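I opened my notebook to record what I looked up in this structure.

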Amino acid sequence: MEQQIEQVVQAIAIASDPSQTALYQQALGYIQNIQQNANETWRLALHIFVDSNGDGRRKYPTQARFWALRVLDDFLDGRFDPLDPETFQTLQQALMSYIQSEFVGGPAEAEATFLRNKFSHTLTLFFLRTYVDQWPSFFTDLFTLIQPTAQGSTAGFNRHVSLLFFHLLLEISGEVADQMIKSARTWTEERHVRDAKVRDAVRERDAARINEAVLTIVADNTERMNRCRESGSSQELADAVEVVDWGVRTFGSYVGWIDINLTVTPTTVPLLFKLLADASLPIRLATSVSLLRIVSKGLKEPSDKLQLLKVLSLGEVLHALEEKTRKEQVERGDDTDEGEESYREALGKLLNVLGLELAKLVDEPSAPEDVKAEARMYLQQLHPVMLKFLADDYDDTASTVFPLLQLILSSYKKIRKVSTEPIDDQKRAFLTTLLQVILQKMKWDEEAEPDDTDDDDNAEFDKMRKDLRTFMDSILTVDQDLVTNAIRTLALQTISAYQSGTQLKWNDAELGIYLVFIFGEINKTGGKGRAAFCHAPILSDKEKLASVDKKKIDYSEFPLTSHGEMLSALVQSGIASYPNRAVSLQFFETVARYPDFFKVRKACILPALEAMIDSRGLHNANANYRSRLFYLFHRFIKECRNEIQPDISVTIINNMRDLLPIQVEIPEPEEPEADLLTEALKSSMFDSQLYLFETIGILASVVRNPEQQGALLLSTVKPFMEELSANLQQFTAGTQDLVPAVKVHHIIMALGNISKGFPDYPASAPENYMVPAVKVFSEVAQAILVCLEAMNVLKPIRDATRFAFSRILATAGPSVTHFIPTLMNNLLAHFEPSELVDFMNFIGLLIHKLQKDMFDVLDKLIGPLNAHITALLSQAASGTDELRSQSETKSAYLNLLIAVVSSGLQGIFTSERNSASFEPLLGSMLQLVEDLSDTRSQKAALSFFNRCISVWGQPVSPPNSASINGQQAESTGLPGFDRFIYERIVPTAFTVPSSPNFKLTDGQNIVVLGEIANLLQAVVKVRGHEAQTYFATAFLPSKGWPSDAAIDFSTKLQELDAKGFRKYFTDLIRASRASS
């Protein structure tokens, strides 16, 4: 074995040095093979770890011995059967001898402290496998090594063995009782049973002696600490502190799973409280964790739990320690001590758990009333110190009491729900103090930099504010006036102080504005719209308002509400000029959030606009700040457009011109395989700039003089069109530079957004409607089309063009529809299936907006479009994605056809240009109705036929028929379509539900049945008595229906409403399927 050990040690040395490339992989494979066969190689590993030279020093290198412990771990871990006697004795003797030589009489691996930790884990695994059945005297044997002197004097405690003992207990508790560790590994029944047996055996045999040993060693070394502090012996003090620290940690590890009567005694409680205030930070932190676990320990009887908490009397201790540490915190000033702050955080956690345990007793249904009352009293005594922790400058400390605070407020809310009585003075005083603390905690730290979007501390503060808002909302539920008055008072005081020239810290100013910002959410009794900001006459007073145009009401005559007063003071204070971007940004966020205020105090619009446009807003030097302002400015202008005078609009546009040029920077692709053009188009700044372009459109639309509006719009878009032309020339010249393509895309998007700012062209224009600058929009549309024709191979250009045209067409209406055929040809020259869907949705939107004005366009469009769709759907799908794409295309096409008929444009199907494809179209629609595999298309096709019947199924007017006024009566009826209804549509409608594959258990099929019922009723509604007679005497009898059943069905068709007939028809089909 000696020779093999040498080989293994040599291989470990080579495997630990990757620079030995020749033998590295071979050595690594060799030792891995040994480790994988730990059942056979554990003896070899044991020798490598424990063997020593004649001088008592370990024989093999540290790295080899560490590897040996890993092999032993693999041998011992995950196995739950007892070891054979020979293996057990070998391991037991070797490990105990090693402890004797290394820890009792040796340096305890002083040169490789990590080996101590690794060994304690290995010994734990050996303990878990043998303690219950093979080594019941494990702790007895270990205790003899901790105190080897016969006299039993505490002076004889061995420090090294004591620390090993502590580490071992920590490992054991972690393995058998720590739920976090247990949940992190795969659960097995064997391990679960083994852990339970170990816990029970320890409780029965050794718990009392273990606890006594731990506390005795801790107490002994506590006295040593005190002596050393007096004598100034630094090394001995450090040794004693280490023992106490690990001892307290060990105590905390097992208090949760052994008898509480052992761990909480008249001697342990004073010791723990003494250590909780010790000079050593690690000891204090360890003690706080131990006490927390004692407090959290579950006890069956509520009275026992209350008694435990009373014995601890933690409330008084925590109150004293909070005062002490807060005083020290103040004395330190700006000199932050992270360690001491972590101690305050630990105290906060301890208070939180204590409060939660008391609250559980208050809410425990089985607890006697006297226990609940006493627990409630102790809980109320914690309120003041809880508020002290909540008010801590360090958010980590403040947030420790959040769970307790949430629970307390929840209990208040429950009381409020069942009682209309005012809250008592004690609760109100608590809520008042709590609210003041919350308002102060909502303030930024003075040293913070809110501009730094990458700062994790800023993200944490935002989260903290949201949490505090939750608590504020809870207080609001209990006492609304308390919250609204406090917010109003603080906000107005802050704004007034700034206006009067008082020096105001930036975080105080920001908080004051933030309170105005949230007041609209807080003030639940406020009205909606303008009523939230002024006391206008209520709408129910019809005598005063019935004949009054709201736009003509002078709301400035009405007094302001509290929120109105706050906003008025905010705008008039000039606080937007505060030299801090966080303050001014919060001002603009608030102004943009409440545009209705400016409709009741129009005098405030100009000051707000001036602040938004100059260096405080849109022209600020900070790019990220400007980016946010672009959106806020757009939102404000959009909501207040009707309150802005035309001359002001022109002035604003002129002041914005320097912000309109589009800057393009080509970034390095994030991934090598990424599409360069797609990556280049990503620009958060340009995305924000789009809001500016839309705002330009909004402001231009305010100008009601057609010539002035046209000139203003042209002066804005002309530079873009010139740049569009220049970049198009660069692209067509064959440049490899991406900038021209990106510029063209961005400019098209910008022009589309300028159009978006104008109102939509009305379906029926009112008498005084001013048509927007059609000539300018036509020039813009033409320029975009020229670019599309040259660049239609690029999907981003196609997407941008489709967007821009949707906005131009929506704005300019029929005057630009003649561009659509050219637009379609270029969009469909190169397209992806998803683009086809977008295009059809785009056309559907135009149909909805322009109605009859789309006839000529659709007449030219429907034939080529149908050809594209047919070709696409005829291709076999190669995968799930293509199947989904085909389904979406089919659905979009059906919706488009339905929109055509619904808008009275069905004439395009029978026009001279498209009449040849009309019957094939109807045939393909019938096939969709019959396709049971696609219920989505079935429903759409049935809906299409329903609308077709309503228009084409009407009786055709005789050539000489005339209405009363002498004009020929109009009819949308199509000659021969009645025959198509009776010969094709109706039979198909009955064929579908009679198919054996039509499952009535499928909810989608029930919906299809409803569509069929609607269709059949549409036939009777349009064709009248003729259809009813056809069903009763011809069609249904031909299908074998009895005469009375046929008559009953045709009667129901005529008499029942839509809902009633759908139910009747569904029940009828169910019954027929059941009988067959």
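**Entry 1: one residue**

Leaving aside its neighbours within four places in sequence, which residues is Ile652 in contact with? I noted Leu609, Ile613, Phe633 and Leu699. The model I am reading is a predicted one.

I then looked up where Ile652 sits. Ile652 belongs to helix 32. Is Ile652 buried or exposed? Its relative accessible area is 3%. Buried means under 20%, so I wrote down Ile652 as buried.

I also checked Ile652 against Ile613. The two are 39 residues apart along the chain. Their C-alpha atoms are separated by 7.7 Å.

**Entry 2: helix 30 and helix 32**

Helix 30 covers residues 605–613, and helix 32 covers residues 646–656. Their axes come within 11 Å and cross at roughly 15°. Angles under 35 degrees count as roughly parallel, so I put helix 30 and helix 32 down as roughly parallel to each other. Their crossing is right-handed.

Which residues meet here? From helix 30 I listed Leu606, Leu609 and Ile613. From helix 32 I listed Ile648, Ile652 and Asn655. I sorted the residues of this contact by class: five are nonpolar, one is polar and none is charged.

**Entry 3: helix 28 and helix 31**

I moved on to another pair. Helix 28 spans residues 581–593 and helix 31 spans residues 623–640. At what angle do they pack? I read about 20°, with the axes 9 Å apart. That makes helix 28 roughly parallel to helix 31. The crossing of helix 28 and helix 31 is left-handed.

On the helix 28 side, the contact has Arg581, Ser584, Leu585, Phe588, Glu589, Val591, Ala592 and Arg593. On the helix 31 side, I found Tyr625, Arg628, Leu629, Leu632, Arg635 and Phe636. The residues of this contact divide into eight nonpolar, one polar and five charged.

**Entry 4: helix 43 and helix 44**

My third pair lies elsewhere in the chain. Helix 43 runs over residues 918–930, and helix 44 runs over residues 935–952. They pack at about 135°, and their axes are 8 Å apart. Helix 43 and helix 44 are therefore oblique to each other. Helix 43 passes helix 44 in a left-handed crossing.

Which residues of helix 43 meet helix 44? They are Phe918, Leu922, Met925, Leu926, Leu928 and Val929. Helix 44 brings Ser937, Gln938, Ala941, Leu942, Phe944, Phe945 and Trp952.

**Entry 5: the whole protein**

Last, I stepped back. How many helices and strands does the protein have? I noted 49 helices and zero strands. The radius of gyration is 42 Å, well over the 31 Å that the globule rule gives for 1076 residues, so the protein is more spread out than a compact globule. Along its principal axes the C-alpha trace spans about 130 × 80 × 75 Å.

I looked up burial too. Of the 1076 residues, 49% are buried. Residues 24 or more positions apart account for 72% of them.

Technical notes:
Residues numbered from 1 in each chain as written. Predicted model: local features only at pLDDT ≥ 70, side-chain atom pairs only at ≥ 80, totals over all residues. Heavy atoms only, no water. Axes fitted to C-alpha atoms, helices over the stretch in contact; angles between N-to-C directions. Helix = DSSP H or I, 4+ residues; strand = E, 2+ residues; numbered from the N terminus. Parallel < 35°, antiparallel > 145°, perpendicular 65-115°, else oblique. Left-handed = near helix turned anticlockwise from the far one by under 90°. Contact = heavy atoms within 4.5 Å. Nonpolar A, V, L, I, M, F, W, Y, C, P; charged D, E, K, R; others polar. Rg over C-alpha atoms; globule rule 2.2 N^0.38 Å. Buried < 20%, exposed > 50% of the residue type's maximum accessible area, 1.4 Å probe, protein only.
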